[in-house]
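The following paragraphs lead the reader through selected features of one protein model.

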Amino acid sequence: MTIDSTDTAAAKNLLKISSVRERTAPIFNLALDNNLDYFDVDLTKVDDVVDFVSSVIDRDFAGKYDTIPPHGRWGHLNAGNVPRVEGLIEEWRNKDVDEIEIGKKLIDLFVLSVLIDAGAGNEWKYTEKGTDNVFNRSEGLAIVSIDMFKAGDLSDDSEDPHKVNASKLINFSKADLIESFQISESNPLAGTDGRLALIQNLGKALSTNETFFGKDGRPGEMIEYLHSKSSNDSIDLNLLWDTLMEGFTSIWPKGRTSINGVSLGDAWPLSTTSKVGAKNFIDTIVPFHKLTQWLCYSLLVPLKGYGYKFTVTNEALQTGLPEYRNGGLIYDFGVITLKPEFLKKGLELSKDISSTTPDIPSFKPDDGVIVEWRALTIGFLDYLLPLINKKIGYDLSLPQLIEAGSWKSGREIAAKLRPSTKGPPIDLYSDGTVF
């Protein structure tokens, strides 16, 4: 939806990381009073979530909470406890690749991997090249990305396959996507066309932002830009955030919310905002920028540990990720439930689209159900953090809670309640570029 507005400055403010909490917090406050448009809230079920997540964290990290890594794509790339990323780093060091180039290669890989990481659907699976290992959903998409990277499918340098270049992405075809992602009639991938467009648009963004991505259009070249703006290799999270938002703004599909020519990306109108004082269209918009946040989280580890080894300040500006594992956790424990009329609506869409899970309600990304659910997910992660820390007796950071607790717990409760699909309690009828 495009709405004319003279308030361009306010629109641009919605692209800032700080806007996510600013706009989602009032929605969460409505949840505390059970005054939402689409969901009913039962706060008595929160203790069940705290107990379950704490038990998962204790099972895997009791006595070693300090070893919990922050949430990011690295863990998915090492799915099945196979140290694939570390193996690549060792290979590069054995070939005397310098540390700055190692940093660039990691950023190349992580950017591509994150930006193809939208919902894959319930049916798709991927068999890792050279193995019998089968993965699905986010982890499957991660293994696709590292397989393509290792094979040189993304590099235009015949001497160095381990790069991602704009020219290769721009020319990435549907046939390439089908082959690389092992797509078939019996193995369909949700949002195929949207995912292909995203890959191609990523290539275009890399080729047209030389300031950030260099003459070769490499994601990894952004570390040179960050270095040029740093003070003793210390950078503010806002600098990284603004680099990602400005550098990748053109990759988002046309038709997303925009105001006066300012494309807002993953930001959506929500009727519930009328209860917190929204008076005009811009007041109704709730920004999430989930893929940019996921990218920012994922880049922090390689940026801090490799290449220039940046120090990053103000990391706490990032929120929890508003996606279906974290959001599914609070739904599956009954903290939130769809109001009957919207459950009925979602089940009707599942029937209309011949969903393979007709008993699970489906909604499009711009539906108020999805927007409100995502806002609640961010709020509840902040709400749960001190409760879980008190339970385990240790002060985890929010990224650690997501990595060791909420995301993993969301996946495990989904597998327990829906063993045939292990999918979320609410399905997104997605274009392959959201959630």
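Axes here are lines fitted to C-alpha atoms, for helices over the stretch in contact, and the angles between N-to-C directions run from 0 to 180 degrees. The model is a predicted one. Two packed helices are described by the angle between their axes and the distance between the axes.

Helix α5 covers residues 84-94 and helix α6 covers residues 99-115; their axes come within 11 Å and cross at roughly 150°. Because angles over 145 degrees count as roughly antiparallel, α5 is roughly antiparallel to α6. The crossing of these two helices, α5 and α6, is right-handed. On the α5 side, the residues that meet α6 are Val-85, Leu-88, Ile-89, Trp-92 and Arg-93. Their counterparts in α6 are Glu-99, Ile-102, Lys-105, Leu-106, Leu-109 and Phe-110. Sorted by class, the contact of α5 with α6 comprises eight nonpolar and three charged residues, with no polar ones.

Helix α6 also packs against helix α12, which spans residues 222-229: the axes of α6 and α12 come within 9 Å and cross at roughly 120°. From α6, the contact draws on Ile-100, Gly-103, Lys-104, Ile-107 and Val-111, and from α12 on Met-222, Ile-223 and Glu-224. The contact of α6 with α12 contains five nonpolar residues, one polar residue and two charged residues.

A further residue of helix α6 is Leu-112. Is Leu-112 buried or exposed? Its relative accessible area is 2%, and as under 20% counts as buried, Leu-112 is buried. Leaving aside neighbours within four places in sequence, Leu-112 is in contact with Ser-145, Met-148, Leu-154, Val-164, Leu-169 and Leu-202. One of these, Leu-154, lies 42 residues from Leu-112 in sequence, with a C-alpha to C-alpha distance of 9.3 Å.

The aromatic side chains come next. A pair of aromatic rings is described by the distance of the centres and the angle of the planes. Across the whole structure, a search finds 15 aromatic pairs. In one of them, the ring centres of Phe-212 and Phe-213 are 6.0 Å apart and the planes stand at 70°, so this pair is edge-to-face. Phe-212 and Phe-213 are both buried. The pair of Tyr-308 and Phe-310 is tilted, with 5.9 Å from centre to centre and 50° between the planes. Phe-310 is buried, its relative accessible area being 3%.

Terms used
Residues are numbered from 1 along each chain as its sequence is written. This is a predicted model: local features need pLDDT of at least 70, side-chain atom pairs count only at pLDDT 80 or more; totals for chains, interfaces and linings use all residues. Side-chain values use heavy atoms; hydrogens and water are left out. Helices (H or I, at least four residues) and strands (E, at least two) are DSSP runs, numbered from the N terminus. Angles under 35 degrees count as roughly parallel, over 145 as roughly antiparallel, 65 to 115 as roughly perpendicular and the rest as oblique. A crossing is left-handed if the near helix is turned anticlockwise from the far one by less than a right angle, and right-handed if clockwise. Contact means heavy atoms within 4.5 Å. Ala, Val, Leu, Ile, Met, Phe, Trp, Tyr, Cys and Pro count as nonpolar, Asp, Glu, Lys and Arg as charged, and the others, Gly among them, as polar. Rings of Phe, Tyr and Trp (its six-membered ring) pair if their centres lie within 6.5 Å; planes under 30 degrees apart count as stacked, over 60 as edge-to-face and the rest as tilted. Buried means under 20% relative accessible area, exposed over 50%, partly exposed in between (1.4 Å probe, protein chains only).
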